[in-house]
Amino acid sequence: MNKRIEEAYAKRPKDWVYNTILAVIVVALIIWSGSAVESSGATSGGGQIAWNVIKGIFTPDLSFLFNFTKSGVPYLMLETICIAFLGTIVGAILSVPLAFISASNLTPKPIAFVGRIFIMAVRTIPAFVYGLMFIRVTGPGAFAGLLTMGVCSIGMISKMYIEAIEDLDTHVIESLDAAGCDTWQKIRYGILPQLMPNFASTAIYRFDINLRDATILGMVGAGGFGAPLIFAMNAYRWNEAGALLAGLIILILIIEFVSTKIRIKLTRG
């Protein structure tokens, strides 16, 4: 027995050369990437500015934080949620036909290939660029943010939908077909029960991402927290900036908790 083990060990694949070459390539890429990163050092007073931002979070302007007018934090929170939510809904709805067209197990491969190319093209453009484009079309405001979130959501949601469609259990559909079910019944009882939990979980996850992206888009005038936050920091109103950041942190924590509970419920049934 020991002799056979030794013979098998002696005949094992000698892949140390391959592993060594791969490790050298990875280290070389890391060094080359690091050489392109340049730092000019901390700016004058940078440490003090960072401290003022942190201090502002813990000592926010309460009159601004609990201001229920259109210029207050609660309204900006609501606007940010609406932009992210409606943008996710738009993206999720548009992604359904795209996903079915691009699923190779449902459509001919040439058509599926064209659909995937379109989805990849949508994903290549950053959200910031989409925001600038839609602001030029619709003007600054929440509607530009909504359109940006909707288009940006298509790339990721479509990709996840395609994976869910391609993982369908076709035996269920074949059983329904053998039972004499029509097309609608096969969709109702064979396809939708398999897809809906994955579709809903993906949309909720994308809503999490959109909620954070909506803040960044606000910096270019697409509604939400971004623009007031930039104005407050540029004017050195640290307590006002702290109130905005505190509201954003609370909002993200609440949405994260709720969305995690919903995704777990969908996953476990």
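Helix 11 (residues 226–234) and helix 12 (238–268) cross in a left-handed way. Left-handed means that the near helix is turned anticlockwise from the far one by less than a right angle; clockwise would be right-handed. Helices here are DSSP runs of H or I with at least four residues, numbered from the N terminus. The packing angle of helix 11 and helix 12 is about 155 degrees, and their axes lie 8 Å apart. Axes are lines fitted to C-alpha atoms over the stretch in contact, and angles run from 0 to 180 degrees between N-to-C directions. Helix 11 and helix 12 are therefore roughly antiparallel.

The model is predicted: local features need pLDDT of at least 70, side-chain atom pairs count only at 80 or more, and totals for chains, interfaces and linings use all residues. Residues are numbered from 1 along each chain as its sequence is written, and side-chain values use heavy atoms, without hydrogens and water. The chain averages a pLDDT (the predictor's confidence in each residue, from 0 to 100) of 80, and 88% of the residues score at least 70.

Now turn to helix 5 (residues 73–102) and helix 8 (residues 142–166). They pack at about 40 degrees, with axes 5 Å apart. That angle makes helix 5 oblique to helix 8. The crossing is right-handed. Its contact residues comprise 17 nonpolar, 9 polar and 2 charged. Nonpolar covers Ala, Val, Leu, Ile, Met, Phe, Trp, Tyr, Cys and Pro; charged covers Asp, Glu, Lys and Arg; the others, Gly among them, are polar.

Helix 12 gives the largest share, 4 residues. The lining includes F85, T88, F207 and S259. By class, the lining has 8 nonpolar residues, 2 polar and no charged. A pocket is an open set of points on a 1 Å grid over the protein atoms alone, where a 1.4 Å probe fits, with protein on both sides within 12 Å along at least five of seven lines; lining residues have an atom within 4 Å of a point. The largest pocket holds about 160 Å³ of space.

Conventions:
Helix = DSSP H or I, 4+ residues; strand = E, 2+ residues; numbered from the N terminus. Parallel < 35°, antiparallel > 145°, perpendicular 65-115°, else oblique. Points joined across faces, edges and corners; volume = space filled by probe spheres on them.
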